[in-house]
Amino acid sequence: MEIPVLSRSAENAEIKHSDIIRSAESLFLQQGFGATSMDRIAEEAKVTKQTVYRYFPSKEALFAAVMQHVRGRKSEPHAFSSAPLIDELISYGGYLLALHLKPKALGVYRLMLIEGAQENLSQTFMEAGPQRVMQPLIEFLEQRCPALDDPQFHAQMFAT
C-alpha cells in the first residue's frame with residue numbers, strides 16, 4: 001500500500017492549522033476564552049490574524065476545534081456490544097471517566113464553569129464535546145431500552 005505524500009503547501013497548511021489549535025488551546029486554558037484574543041493566538045502561533053481567520057471563521061469555531069483536539073482527534077466512540085445492559089453501562093462509564101479525567105479536559109471543564117454562560121460557549125461546548133460523546137449512548141438506549149420515553153434525557157442524566 002502506497003502512503004500518500006502531501007505537497008509542500010499542504011504540509012505547511014497542516015502545520016499552521018495545528019500550530020493555531022495548539023496555541024489557542026494553551027491560551028484558552030491559561031487565560032480563559034474571554035481574555036484570549038485572536039491577535040494573541042496569531043502571535044503565539046507565529047501566523048497573521050488573517051491566517052487564523054482563514055482556518056477558523058470565529059473564535060467559537062476555533063474553540064470547537066480545540067475541544068476536538070483535547071478529546072482526541074482519532075478517539076473512537078464507545079463501542080457497545082450485546083453484553084448485559086448493566087455491563088454495557090459500566091463499560092461506558094469507564095470510557096467517560098477516561099475521557100473526562102485527562103488534565104486538558106479538566107481544564108476545559110473549569111473554563112466552562114467560569115466562562116460558559118458569560119461567553120455563550122455552552123452550545124459550542126455541547127456540540128463539540130458532550131453531545132458527540134453521548135450520541136452512541138443515546139442510540140444504545142433507543143435500541144436496548146425501547147420503553148424509555150426520552151433516551152437523550154436518560155443519557156444526559158447518566159453522563160452527568
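The largest pocket in this predicted model has a volume of about 400 Å³. Rolling a probe the size of a water molecule over the atoms shows where empty space is left. On a 1 Å grid over the protein atoms alone, a pocket is an open set of points where a 1.4 Å probe fits, with protein on both sides within 12 Å along at least five of seven lines; a cavity, by contrast, is a set of points from which the probe cannot get out. Grid points are joined across faces, edges and corners, and the volume is the space filled by probe spheres set on those points.

Residues are numbered from 1 along each chain as its sequence is written, and side-chain values use heavy atoms, with hydrogens and water left out. Because this is a predicted model, local features need pLDDT of at least 70 and side-chain atom pairs count only at pLDDT 80 or more, while totals for chains, interfaces and linings use all residues.

Two or more lining residues come from each of helix H4 (59–71), helix H5 (85–100), helix H6 (103–115), helix H7 (122–128), helix H8 (130–144) and helix H9 (151–159). Helices here are DSSP runs (H or I, at least four residues), numbered from the N terminus. H6 gives the largest share of the lining, 5 residues. Sorted by class, the lining has 16 nonpolar, 4 polar and 1 charged residues. In this sorting, Ala, Val, Leu, Ile, Met, Phe, Trp, Tyr, Cys and Pro are nonpolar, Asp, Glu, Lys and Arg are charged, and the others, Gly among them, are polar.

Let us stay with Gly129 for a moment. You will find Gly129 in the loop between H7 and H8. Is Gly129 buried or exposed? At 8% relative accessibility, Gly129 counts as buried, where buried means under 20% relative accessible area, exposed over 50%, and partly exposed in between (1.4 Å probe, protein chains only). Leaving aside its neighbours within four places in sequence, Gly129 is in contact (heavy atoms within 4.5 Å) with Met67 and Arg71.

Next, turn to the nonpolar interior. A nonpolar core is a set of buried Ala, Val, Leu, Ile, Met, Phe, Trp, Tyr and Cys residues joined through side-chain atoms within 4.5 Å. The largest such core has 25 residues, of which Ile20, Phe28, Ile41, Leu62 and Phe63 touch the most other members. Helix H1 (8–31), H2, H4 and H6 each give two or more residues to this core, and H4 gives the most, with 6 residues. What does Leu62 touch, leaving aside its neighbours within four places in sequence? Leu62 is in contact with Ile20, Ile21, Ala24, Met38, Ile41, Val52 and Phe56. There is also a second, separate core of 13 residues, which includes Tyr95, Leu137, Cys145 and Ala155.

Charged side chains make links too. The structure holds 5 salt bridges, each a side-chain nitrogen of Lys or Arg within 4 Å of a carboxyl oxygen of Asp or Glu. One of them joins Glu25 and Lys104 (2.8 Å, N to O). Glu25 lies in helix H1 and Lys104 in helix H6, so this pair ties together parts that are 79 residues apart in sequence. Glu25 is buried, with a relative accessible area of 5%, while Lys104 is partly exposed at 42%.

Arg40 meets Glu43 at 3.3 Å, N to O, and Glu44 at 3.1 Å, N to O. Arg40 and Glu43 are 3 residues apart in helix H2, so about one helical turn separates them. Glu44 and Arg40 are 4 residues apart in helix H2, again about one turn. Arg40 is partly exposed at 28% relative accessibility, Glu43 is exposed at 56%, and Glu44 is partly exposed at 34%.

Finally, find Lys46 in the loop between helix H2 (38–45) and helix H3 (49–55). Most residues other than glycine have a negative phi. Phi of Lys46, however, is near 60°, a positive value. At 75% relative accessibility, Lys46 counts as exposed.

Terms used. On a 1 Å grid over the protein atoms alone, a cavity is a set of points where a 1.4 Å probe fits but cannot get out, and a pocket is an open set with protein on both sides within 12 Å along at least five of seven lines; lining residues have an atom within 4 Å of a point.
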